[in-house]
Amino acid sequence: MNNNVNSLYVLSAMNRSGYRTTTTRRKIIDAIFSLGNSFTVDDLIQNLPDLGRATIFRNVKVLKDLQIICQVFLDNGQSVYQLDFELNLESHHHHLICSKCKCIQEFNSKELESLLQSVSEAMSFEINTHRLELYGHCSSCKASEPVEVSVSDR
Ligand SMILES: [Zn+2]
Ligand SMILES: [Zn+2]
Ligand SMILES: [Zn+2]
């Protein structure tokens with residue numbers, strides 16, 4: 001994540017969209033930063049026992065609508081949220097999710113989007129939205145996997 005991104009940066013992004021800085025929002029955003037890479041609403045609820053669930057849900061929705069955080073769907077059916085500053089704000093993107101270290105990387109691809117556009121045309125189907133998450137092993141987890149020794153090499 002970009003090191004310039006901090007709570008104040010998020011609060012000013014919210015301000016620009018008409019959301020005032022309140023103590024509650026400040027607490028929620030600080031908790032998101034302290035949770036690190038990705039978090040669930042339950043994580044926030046546990047970390048902010050003095051705030052009501054409804055307040056936390058409402059603010060998470062605002063952050064998601066403003067595309068400050070994005071929702072990532074895991075292969076076990078759960079979803080987590082993460083701060084969305086690796087790419088530009090408001091840019092459509094997809095996720096690479098490592099099943100070993102749980103890291104989540106973001107990518108976008110013009111080729112992929114134009115492929116979907118041609119599927120849409122070929123099927124006469126109007127696509128409103130789509131989601132794509134790729135599951136596997138990231139480069140550092142792949143590097144730490146033991147090298148298989150072939151039997152015929154003995
Ligand atoms: Zn994302
Ligand atoms: Zn990994
Ligand atoms: Zn896409």
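Two strands are taken to pair if DSSP finds at least two bridges between them. Helices (H or I, at least four residues) and strands (E, at least two) are DSSP runs, numbered from the N terminus. The model is predicted: local features need pLDDT of at least 70, side-chain atom pairs count only at pLDDT 80 or more, and totals for chains, interfaces and linings use all residues. Residues are numbered from 1 along each chain as its sequence is written, while chains are lettered from A and ligands numbered from 1 in the order in which they are written.

The chain holds six helices and six strands. From the N terminus on, the order of elements is α-α-β-α-α-β-β-β-β-α-β-α. Of the 154 residues, 12% count as buried (20 or more other C-beta atoms within 10 Å of the residue's own, with C-beta atoms placed from the backbone). Contacts require C-beta atoms, placed from the backbone, within 7 Å. Among contacts with a separation of 6 or more, 45% join residues 24 or more positions apart.

Three strands form an open sheet with mixed pairing, in the order β5-β4-β6. Strands β5 and β6 are the edges, and each pairs on one side only. Neighbouring strands of the sheet are turned by 20 degrees against each other on average, direction ignored; axes are lines fitted to C-alpha atoms.

Strand β4 (residues 94-98) runs antiparallel to β5 (residues 104-107), and four bridges join them. H94 stands opposite F107 in β5. The two strands form a hairpin with five residues between them. In the turn, K102 has a positive phi of about 70 degrees.

Strand β6 (residues 133-136) runs parallel to β4, again with four bridges. L96 has L134 in β6 as its bridge partner. I97 stands opposite Y135 in β6.

Terms used:
Contact = placed C-beta atoms within 7 Å. Axes fitted to C-alpha atoms, helices over the stretch in contact; angles between N-to-C directions.
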